[in-house]
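Here are my notes on this one, as numbered points. Have the viewer open while you read.

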Amino acid sequence: MQRTMESFIRALRAQDIRVSPAEAIDAHEAAQMVGYADRTLFRDALATTLAKSAQEVATFDNVFETFFKRDEFLKTADAADEALAEELDGQEGGEGDLAHMLLEHDDAALAQAMEAAAERANVAEIRLSSQRRLLTRRMLDEMGLGGLERRIADAGKREDETGKRLAQRLAKAREDLFAEAGRYVERQHELYAGESGRKLREDVLANQRLTAIDEHELATMQRLVRRMAKNLASKYSRHIRRSRRGQLDVRRTIRKSLGHGGLPFDLIWKSKTIDRPSIAVMCDVSGSVAQAAHFLLLFLYSLNEVVERLDAFAFSNRLVAVGDILNDEAVSDAIAMVIKRIGMRSTDYGLALEDFCALELAKVDKKTTVIILGDGRTNYVNPRLDLMRAISERARAVIWLNPEPESLWTRGDSEMERYKRFCTVAKPCATLNELERIIDDVLRTYMPK
């Protein structure tokens with residue numbers, strides 16, 4: 001049973017339930033304590049040690065039911081099959097072989113044989129749906145399919161009526177066996193390949209253009225954005241905590257000890273000034289780049305652990321502060337609301353920069369990073385480069401993220417080459433992976449050297 005428990009824990013991990021070595025040991029001990037006779041008690045004992053949230057409990061229940069499902073071969077034996085099984089008893093490889101188990105409907109023996117064969121064929125290593133047929137055949141070969149087919153061939157050569165009936169019945173049993181084995185392998189694919197398939201889809205989405213994400217992929221993208229942001233928040237929170245520990249300030253400690261006869265009663269630690277990022281972000285939510293703005297705002301608002309201040313603005317022509325909306329509503333719903341309210345209009349970057357300077361420029365200082373997301377296409381109106389210069393002079397850094405490739409920055413009504421002069425960084429940012437790298441670079445600049 002230990003090997004079965006190890007496989008079950010691996011199936012949980014494949015479904016994104018984290019199980020530490022200590023929790024795995026607790027699960028083994030709980031299983032030994034409650035035993036395996038009572039299925040409900042066994043499941044609840046494992047859930048108590050392995051599932052740590054309501055969502056994980058739901059996932060755990062699904063994995064448990066799939067993993068411990070044992071409904072293969074549950075058919076009622078009939079007298080005709082039992083009579084045919086007696087024909088095999090006196091033959092070579094009779095009682096106990098695959099053909100005999102099928103005719104006698106020995107459900108327990110067949111299930112055990114299939115699980116043992118699956119282990120020998122490494123069915124649990126399945127990763128792609130295209131492997132199902134190959135692994136099904138391998139598993140059946142391990143169960144003794146070759147012997148069963150020889151039985152069918154030998155029975156078919158007989159001229160008596162019993163031989164013909166035996167060949168027909170074994171052929172039907174072989175067909176049923178293939179169906180049962182296919183369902184078993186399908187369950188293993190569901191248990192073990194779901195995570196690899198999900199990771200493959202997420203890898204593809206992370207490198208897909210943000211402006212080309214289909215509506216049915218939005219939920220997956222939002223989960224991916226939150227996970228990336230959580231990883232970055234965890235990474236830089238650790239840096240901040242580590243920096244706050246400091247080192248012993250020997251000079252100040254000695255000076256403080258003079259009042260105590262030189263005894264260092266009070267230890268003075270060196271301190272470092274930890275800057276948490278202050279970010280002001282302007283997002284173009286016109287039709288061409290609204291999708292990219294959605295993911296940038298979601299990314300930044302998921303970094304609340306490491307961001308001191310985040311002032312968010314959205315614009316098509318006029319610029320509007322959207323921080324209150326994002327704070328009051330669920331972020332993903334609020335972003336959709338913002339885009340619906342002010343997005344999908346013709347763009348006027350000059351007017352948007354005027355509004356930004358009126359609303360925010362007084363708060364921009366050398367601790368503030370200004371992030372602008374947009375394609376820089378002004379519809380041939382005044383780009384207000386003077387306002388870009390003013391923002392650049394006051395800010396710690398100006399980061400411009402452009403969903404278009406750099407080869408398009410000089411074409412048509414794009415003013416990116418002129419805006420670029422006032423940016424600390426101006427980069428194409430068409431995919432989620434590129435967005436993550438750029439935000440990572442921004443956060444790194446705030447860390448103590």
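This is a predicted model: local features need pLDDT of at least 70, side-chain atom pairs count only at pLDDT 80 or more; totals for chains, interfaces and linings use all residues.

1. Start with helix α7, residues 107-120. After the helix comes Asn122, with a positive phi near 60 degrees.

2. Which residues of α7 are buried? They are Ala109, Leu110, Ala111, Met114, Ala117 and Ala118. The cover over these buried residues includes α6 (98-104), α8 (132-143) and α10 (161-192).

3. Now look at β2, residues 309-315. This strand is mostly covered, with six of its seven residues buried. β2 pairs with β1 in the parallel sense over seven bridges, and Ile279 sits opposite Leu310 of β2.

4. β2 also pairs with β3 (residues 319-321), this time in the antiparallel sense and over three bridges. Phe315 stands opposite Leu319 in β3. The link from β2 to β3 is a hairpin of three residues.

5. Finally, the surface. Leu248, Val250, Ile254, Leu267 and Trp269 make a nonpolar patch of about 480 Å². One of them, Leu267, lies in the loop between α13 (250-257) and β1 (278-284). Why does Leu267 count as partly exposed? Because its relative accessibility is 47%, and partly exposed runs between the 20% limit for buried and the 50% limit for exposed.

Note on methods:
Residues are numbered from 1 along each chain as its sequence is written. Side-chain values use heavy atoms; hydrogens and water are left out. Patches are made of residues with over 30% relative accessible area and no salt bridge: like charges are joined within 9 Å, nonpolar side chains (Val, Leu, Ile, Met, Phe, Trp, Tyr) within 5 Å. Accessible areas come from the Shrake-Rupley method with a 1.4 Å probe; for residues, only the protein chains shown count as cover. A salt bridge is a side-chain nitrogen of Lys or Arg within 4 Å of a carboxyl oxygen of Asp or Glu. Helices (H or I, at least four residues) and strands (E, at least two) are DSSP runs, numbered from the N terminus. Buried means under 20% relative accessible area, exposed over 50%, partly exposed in between (1.4 Å probe, protein chains only). Two strands pair if DSSP finds at least two bridges between them. Contact means heavy atoms within 4.5 Å.
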